Structures are given as C-alpha cells and as structure tokens.
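Please take me through this model in the viewer, stop by stop. Tell me what to select next and what is there.

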Amino acid sequence: MVDGCDFCAVVRGEEPAQIVLSTDDVVAFLDRRPVFKGHVLVVPREHVETLIDLPDELLEPVFAAARLLAGAVRDALGATGSFVAMNNTVSQSVPHLHVHVVPRTKGDGLRGFFWPRTKYAEGEMRDYADRLRAAL
C-alpha cells in the first residue's frame, strides 16, 4: 500500500467508506460522487495503478468481484443492468486501479462516456451499501 493514496487509505480503514465487499484481495465501496446511486468501485487491496500493472494472480479476484457486484446492483437496487468500466491513467482521478460498477436503467440519461455526477442525501449512502451487502 502507498501513503497518500486515497484508495489505499480506504483499504487500511483510515478513510471512511461504505464498504460493500471485502475479501483477501479486493475491497469494493460506494463512490462518493456516483454517476447513479449505488455506483461501486472495486479495488485490489494491493496498490496497483493501472490494468497493465495488475498481477495475473489478481485478475480473477478483481473481475470476479466486479461481476458479482454487477449482479448485486441489479438485484438490490432494481437496476436493469450495469455499466462496468475502468480508466487507465487518463481520467483516472485516483492512481489506484478501480473498476466502476454503475447501476443502469433504460432511459437513465447516461450517454456515451459523459458521466454526470450526483450526491447522496445524509444517511442515504449507508442505505445503498446495506442493500448491496444484503444482495451479496
């Protein structure tokens, strides 16, 4: 883990986050500035900056978690599907590999790669995290 990395701080428990999944290799938590409520970030516990840097032994745990959460956002939040994406260096706001799992519904207004951001009301973030944890 790297000092000064926001996601490493979440993994270490030093930065508050609504964690929805925690395994030996992966932590998944709600994005604080979600595209849509229930937007989850899946990160390896090990500090890895991009997909190119991801060790082979972490490929399966990271993408298995993303697949699991794609189902959870559908089941827990009533989403029709999900948008699963990853930036590498460009548009990567935190230089720690993270997979976005964004709940989607038909007509939700998301077009192409324009990602409008929303905010959670006080206490709402915990409710979304609880629902996702229950679905897992």
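## Tour stops

Start with Tyr120: its relative accessible area is 14%, so Tyr120 is buried (buried means under 20% relative accessible area, exposed over 50%, partly exposed in between, with a 1.4 Å probe and protein chains only). Before moving on, note that this is a predicted model: local features need pLDDT of at least 70, side-chain atom pairs count only at pLDDT 80 or more, and totals for chains, interfaces and linings use all residues. Residues are numbered from 1 along each chain as its sequence is written, and side-chain values use heavy atoms, with hydrogens and water left out.

**Aromatic pairs.** The whole structure holds two aromatic pairs. Rings of Phe, Tyr and Trp (its six-membered ring) pair if their centres lie within 6.5 Å; planes under 30 degrees apart count as stacked, over 60 as edge-to-face and the rest as tilted. Select Phe7 and Phe29. Their ring centres are 5.4 Å apart and the planes meet at 70 degrees, so this pair is edge-to-face. Phe7 belongs to helix H1 (residues 6-12) and Phe29 to strand E2, so the pair ties together parts 22 residues apart in sequence. Helices (H or I, at least four residues) and strands (E, at least two) are DSSP runs, numbered from the N terminus. Both Phe7 and Phe29 are buried.

Now select Tyr120 with Tyr128. This aromatic pair is also edge-to-face, with 5.7 Å centre to centre and 65 degrees between the planes. Tyr128 counts as buried at 15% relative accessibility.

**Helix H2.** Select residues 56-77. At 1.5 Å a residue, these 22 residues should span 32 Å, and the end C-alpha atoms are 32 Å apart, which agrees (the expected span is 1.5 Å times one less than the number of residues). Buried residues of H2 include Leu58, Val62, Leu69 and Val73. Among the elements covering the buried residues are strand E1 (19-22), strand E4 (81-85) and helix H3 (124-135). Just after H2, Gly78 takes a positive phi of about 75 degrees.

**Two loops.** Which loop holds Thr50? Thr50 lies between E3 and H2. Gln92 is in the loop between E4 and E5. Thr50 is in contact with Gln92, among others (contact means heavy atoms within 4.5 Å). The Gln92 side chain reaches the backbone oxygen of Glu49 at 2.6 Å and the backbone nitrogen of Thr89 at 2.7 Å.

Notes. Polar contact = N/O pair within 3.5 Å; in protein donor to acceptor, adjacent residues only side chain to side chain. Lists of a residue's contacts leave out its neighbours within four places in sequence.
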